[in-house]
Amino acid sequence: MKKLFFIVLGLFATLNGWAEGATKEKSFWADPFNHPLLPFYSLVAFIFVIIILVIAISIVLIRTMNLLIGQIEKQRAEAMGQAYVPALSWWDKLTQKLNASVPVSQEKDIELDHNYDGIKELDNHLPPWWKWLFYISIVWAVVYFVAYHFSYSLPLSKEEYENEVAQATAAQQRFLESQPKAVIDESTLVYSPDVAILEKGKAVFTRNNCGSCHRNDGGGNAIGPNLTDEYWLHGGGLKTVFTTIKNGVVEKGMPAWGKAMSPGDVRDVAFFVMSLQGTKPANAKASQGELYEPEVKTEKTDSTKTQAVLK
Ligand code: HEC
């Protein structure tokens, strides 16, 4: 008995190793044809099909044989002038055995001596099929206990859930990594009043409470400078403003936003800040820093026209 216990334990331990290996490997169905265990699974499936076929053929053969034997016995009984009583099939025998019910003719033997207004009671025992189910459930409980709570060979619901979440997170991570990343090179940034970018930039400005230090209209307050005039503490122009927002001026209380937001968000909000130029909000903070004049680019093709480009 002790030996058997250890054999079963060993079996579960191997199962455990298997399950661990399987969870570390990527799932079979993700890419069945390149899975290392494909030959093994195919072999198991093949053997399974063969077993089913053998069972099916055996059933057909046995039935035919029984039919033939029945016919021979019937002929023999007729030849001997006896009445032919067909033998019980295995199924009939099995149901009789499983039910083991007392025939009505013998009920007298198991009658209890109760009698309530003509209602009597029989001392029927539990049908064997019921008892067997009970025994099987006891055995199953032991197997279940050892597998789930003793050897931890199989995952409990919580663990199953956690495994699935971990797998989904890993899949999400892989997907995100496979997506091309937008490369934002500040040295090539050129300002344009792109409505979509300005909208997003405004959202970033609002979301990060830039207004708490620069006022919602960018006019500046006791903490942050005016962002709507042409005077800049750290230099004007989109590229410089982008860098200021990205790196911040931490010692003066301007956070380094490049650490907290994506380069795309920094670009968008820098565009938005540039769009505030010349909006002249009421009660704006007095200008600080130096006047920034955008580079003036002369269009060579038409010398009569001069175009200012915010750079
Ligand atoms: C906690 C307050 C605070 C917040 C929030 C803040 N800033 Fe600032 N910001 C400052 C201060 C203070 C300065 C001036 C630093 C200095 O004196 O050198 C500044 C400077 C700037 C400058 C440079 C101005 C110049 O004259 O060169 C820009 C551009 C700017 N902030 C944009 C932003 C944006 C965009 C946000 C939101 C993403 C933001 N700031 C959020 C405090 C803040």
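Predicted model: local features only at pLDDT ≥ 70, side-chain atom pairs only at ≥ 80, totals over all residues.

**Helices, loops and the iron site**

Student: Which residues of helix 4 are buried?
Tutor: A helix here is a DSSP run of H or I of at least four residues and a strand a run of E of at least two, numbered from the N terminus. Buried means under 20% relative accessible area, exposed over 50% and partly exposed in between, with a 1.4 Å probe and protein chains only. By that criterion, the buried residues of helix 4 are Pro128, Val146, Ala147 and Tyr148.

Student: In what pattern do the helices and strands follow one another along the chain?
Tutor: The chain has nine helices and four strands. Of its 311 residues, 18% count as buried. Read along the sequence, the pattern is α-α-α-α-α-α-α-β-α-α-β-β-β.

Student: Which protein residues are donors to the iron atom of the ligand?
Tutor: Donors are N, O and S atoms within 2.8 Å of the metal (3.2 Å for Na, K and Ca); water is not among the atoms, so sites may look incomplete. The protein contributes an NE2 and an SD atom, 2.0 to 2.2 Å from the iron. These belong to His214 and Met254.

Student: What is the arrangement of the six donor atoms around the iron atom?
Tutor: Four donors count as tetrahedral if all angles lie between 85 and 135 degrees; four count as square planar and six as octahedral if opposite donors are over 155 degrees apart and all others between 65 and 115, and anything else is irregular. The six donor atoms here subtend angles of 88 to 178°, so the arrangement is octahedral.

Student: How far apart are the end C-alpha atoms of helix 2?
Tutor: The expected span of a helix is 1.5 Å times one less than its number of residues. Helix 2 (residues 38–79) has 42 residues and should therefore span 62 Å. In agreement with this, its end C-alpha atoms are separated by 61 Å.

Student: What phi does Ala100 take?
Tutor: Ala100 lies in the loop between helix 3 (90–99) and helix 4 (128–150). At 28% relative accessibility, Ala100 counts as partly exposed. Although Ala100 is not a glycine, its phi is positive, at about 45°.

Student: What is the C-alpha to C-alpha distance between Lys285 and Asp229?
Tutor: Lys285 lies in the loop between helix 9 and strand 2 (290–291). Lys285 is partly exposed, with a relative accessible area of 23%. Lys285 and Asp229 are 56 residues apart in sequence, and their distance in space is 9.4 Å.

Technical notes
Residues numbered from 1 in each chain as written. Heavy atoms only, no water.
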